[in-house]
Structure formats: structure tokens, C-alpha cells
Amino acid sequence: MKEIKLIILDVDGTMTDGGVYIDNRRIETKKFSIKDGCGIVLAHAMGLEFMILTGRESNCVLQRAEELKIRHVYQNVGNKISFLKSYMEENGLEADQLAYIGDDLNDLYAMRLAGTAVCPQDAAKEIKAQCDYVLNARGGEGVVREFVELLLKSRGQWETAIERAFGE
């Protein structure tokens, strides 16, 4: 995990509980975990980047990404593996520099490109079977935070990240 530079995030079922809430005016909303936001801030403090890679399109995702200063946001991506292969080639990224957090079958092949595959506790069994880390958190309940904490602690950077993100 020491080489990871980019953490790729699926949205529905990873950053959210997988539910899509649509009101009577056809307005879509999603519930995101504030704990994940804290994890992203801590990771940014240590120079890690994030990418949101999702098969759906939602203004909620754009707003959350903006709040968390996630610069790489790709929505409505039907073929995640093709997209990710091209992205890696265009940006000179190797597999060991990527961690992919996903939860369902549409993430399966793209996750295999990443050096580190991660999923929430309630991921599909096919996803769990290939992951390096099956987290304790369920989708939308701090998955990103849990992984960031594992990563930064394994690098001996946890306390430094807290100080940089929230200290004086």
C-alpha cells in the first residue's frame, strides 16, 4: 500500500448506502458520510488524490466532490475498465499506484487493474472474493475513512495527517 497515489471511488454502494432517493419533483438526493469526508481531508493532507468513477450521473456527486476538493470526477462511465486503462496510460500511472474502492459487479474488472482492491462489508460476493481489503464499514457508513486510516497508519502518517489537516 505504500505506492498508492490515487484512490478511485465508486459512488453508489461505496460512498453512499446504494439507495437513490427521488422526490415527487424528480429531484435526486444521496446521503454521504461525513466520516468519509474527514478521511478524504486527511488523505489530501498527505498528498493523496481521489477520483470518483461512477456509472450514473448526479448533481449530488458533483456537489460532494467540490466540497471535498476531488478534482477527478467522471460520471456516466459505462465501461469502467476501458476508461481506467486509458486514464492510466494517459497519466503514466501503474497499477501499484492505484487503490479502487467498489462494491458491485460493474466495478469488478476495473478493480482488477488497481494494485489494491477494497470494498465495503456489504459488497457483492464476487467483489469480496477479489479484494485485498474487505472493510468493516458498510457502503455509505465510513468506507473511505476506514481505508484511509488503514493506509495512513500503515505508512506511519496517521498522526502527521491529523496535524496537517486539523492542527494549528
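**Cores, sheet and a buried lysine in a predicted model**

Of the 31 residues in the largest nonpolar core, those touching the most other members are Ile7, Leu9, Phe50, Phe147 and Leu152. A nonpolar core is a set of buried Ala, Val, Leu, Ile, Met, Phe, Trp, Tyr and Cys residues joined through side-chain atoms within 4.5 Å. Buried means under 20% relative accessible area, exposed over 50%, and partly exposed in between (1.4 Å probe, protein chains only). Two or more residues of this core come from each of strand S1 (6-9), helix H1 (34-45), S4, helix H2 (59-67), strand S6 (98-101), helix H6 (143-154) and helix H7 (158-166). H6 gives the largest share, six residues. Apart from this core lies another, of 22 residues, among them Met51, Leu93, Ala114 and Ala123.

The model is predicted: local features need pLDDT of at least 70, side-chain atom pairs count only at pLDDT 80 or more, and totals for chains, interfaces and linings use all residues. Residues are numbered from 1 along each chain as its sequence is written, and side-chain values use heavy atoms, with hydrogens and water left out.

The protein chain has seven helices and eight strands. These are DSSP runs numbered from the N terminus (helices H or I, at least four residues; strands E, at least two). The radius of gyration is 15 Å, close to the 15 Å that the globule rule gives for 168 residues, so the protein chain is as compact as a globular protein of that length. This radius is taken over C-alpha atoms; the rule is 2.2 Å times the number of residues to the power 0.38. Along the principal axes, the C-alpha atoms fill a box of roughly 45 × 35 × 30 Å. Of the 168 residues, 48% count as buried. Among contacts (heavy atoms within 4.5 Å) with a separation of 6 or more, 53% link residues 24 or more positions apart.

Six strands form an open, parallel sheet in the order S5-S4-S1-S6-S7-S8. Strands S5 (72-74) and S8 (133-134) are the edges, each pairing on one side only. Two strands pair if DSSP finds at least two bridges between them. S1 is joined to S4 by four bridges and to S6 by four bridges. Leu6 has Glu49 as its bridge partner in S4 and Leu98 as its partner in S6. Three bridges join S4 (residues 49-53) to S5. There, Ile52 is partnered by Val73.

In a regular strand the side chains alternate between the two faces of the sheet. In S1, Leu6 and Ile8 point one way, Ile7 and Leu9 the other way, and all are buried. Beyond residues up to four places away in sequence, Ile7 touches Leu48, Glu49, Phe50, Met51, Ala99, Ile101, Phe147, Val148 and Leu151.

Lys80 lies in helix H3 (residues 80-91). Lys80 is buried, with a relative accessible area of 3%. A polar atom of the Lys80 side chain lies 3.3 Å from the backbone oxygen of Leu53. Leaving aside neighbours within four places in sequence, Lys80 is in contact with Asp10, Leu53, Thr54, Gly55, Tyr100, Asn106, Asp107 and Ala110.

The structure holds zero disulfides; a disulfide is a pair of cysteine sulfur atoms within 2.5 Å. Cys38 counts as partly exposed at 23% relative accessibility. Cys60 is buried, with a relative accessible area of 16%.

Terms used:
A polar contact is a pair of N or O atoms within 3.5 Å; within protein, one must be able to donate a hydrogen and the other to accept it, and residues adjacent in sequence count only if both atoms are side-chain atoms.
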